[in-house]
Amino acid sequence: ERKVTRVGGTAAIPVDVRVIAATNRNLAKLIADGSFRQDLYFRLNVIHVQIPALRERVEDILPLARFFVDHYNKKFKRQLEGITPEAARVLMAHDWPGNVRELRNAIERAMILEEPRRITPNSLRLSLTRSHVPAYAAAAAGTPLAEPLQLNSMGMPQQPSQLPPVE
C-alpha cells in the first residue's frame, strides 16, 4: 500500500511513515464492544510496548527531574543548581497520577514561580497540592529528615538505602 490519496484528489502519493500510538484504554474490550475497529488494531499493533506508570518506576523520578531542570534552565535562561534533598524526597514520595507529564509540569511551575537557587519543597507546594504524602508535609514544614539525603552528580541518592519509602 504505502500510498495515500488526498481527499478530493485523484493521484496516489507514495508515503513512508511509521505510526506510534498510545492509549490507556483496554483495546481488546473496545473491539469486543464494537467501539474500536479490529482491522485498525491489527494495523497498529506491530510492536507492543508497555511502560509502567511513574509511581512504579521510582528510580526514574530524580533523573527525570534533573533532566527537566536542565531543560528549563536552557529554555528560561536560568541557572538553578538542582533540587534540594528535601524536595527530592517530596518528589520520590508523590504518587504521580499524571505520570511524567505531571513531573515535568511540577518542575516547570517551580522554576517559573520561585526564585531559589535550588528547587525546594515550598517551590513544589503549588504543583503537588493533590499529594497527601507525609514526607511532603514534613519537608515543607522544615522538619529535618531522619537520614540526610545525599545526591550524586546525577541527582540520584548515593546509597540505595537513602531512597525514601513510597507511602
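The legends below describe close-up views of a predicted model.

Local features are reported where pLDDT is at least 70 and side-chain atom pairs at pLDDT 80 or more, whereas totals for chains, interfaces and linings use all residues. Residues are numbered from 1 along each chain as its sequence is written, and side-chain values use heavy atoms, with hydrogens and water left out.

**View A. A nonpolar surface patch contains Val46, Ile47, Val49 and Ile51.** Together these four residues have about 480 Å² of accessible area, as given by the Shrake-Rupley method with a 1.4 Å probe, with only the protein chains shown counting as cover for residues. Patches are made of residues with over 30% relative accessible area and no salt bridge, like charges being joined within 9 Å and nonpolar side chains (Val, Leu, Ile, Met, Phe, Trp, Tyr) within 5 Å. Val49 belongs to the loop between helix H2 (38-44) and helix H3 (61-75), where helices (H or I, at least four residues) and strands (E, at least two) are DSSP runs numbered from the N terminus. With a relative accessible area of 63%, Val49 is exposed; buried means under 20%, exposed over 50%, and partly exposed in between (1.4 Å probe, protein chains only).

**View B. Aromatic pairs include Tyr41 with Phe42 and Tyr72 with Phe76.** Three aromatic pairs are found in a search of the whole structure, a pair being rings of Phe, Tyr and Trp (its six-membered ring) with centres within 6.5 Å, and planes under 30 degrees apart counting as stacked, over 60 as edge-to-face and the rest as tilted. The ring centres of Tyr41 and Phe42 lie 5.4 Å apart with the planes at 70 degrees, so this pair is edge-to-face; Tyr41 is partly exposed at 23% relative accessibility, while Phe42 is exposed at 54%. Tyr72 and Phe76 are stacked, with 5.4 Å from centre to centre and 15 degrees between the planes. In that pair Tyr72 is buried, with a relative accessible area of 4%, whereas Phe76 is partly exposed at 28%.

**View C. Helix H4 (residues 85-93) is mostly covered.** Seven of the nine residues in helix H4 are buried, namely Pro85, Ala87, Ala88, Val90, Leu91, Met92 and Ala93.

**View D. Arg2, Asp16 and Arg18 are linked in a network of salt bridges.** A salt bridge is a side-chain nitrogen of Lys or Arg within 4 Å of a carboxyl oxygen of Asp or Glu, and a search of the whole structure finds eight of them. Between Asp16 and Arg2 the closest N and O atoms are 3.8 Å apart. Asp16 lies in the loop between strand S2 (12-14) and helix H1 (27-33) and Arg2 in the segment before strand S1 (3-5), so the pair ties together parts that are 14 residues apart in sequence. Asp16 and Arg2 are both exposed.

**View E. Further salt bridges join Arg66 to Asp70 and Arg117 to Glu81.** The side chains of Arg66 and Asp70 meet at 2.3 Å, N to O, and, being four residues apart in helix H3, these residues are separated by about one helical turn. Arg66 counts as buried at 19% relative accessibility, whereas Asp70 is partly exposed at 31%. For Arg117 and Glu81, the closest N and O atoms are 2.0 Å apart. Arg117 lies in the loop between helix H5 (99-113) and strand S4 (118-119) and Glu81 in the loop between H3 and strand S3 (82-83), so this pair ties together parts that are 36 residues apart in sequence. Arg117 is exposed at 60% relative accessibility, and Glu81 is partly exposed at 44%.
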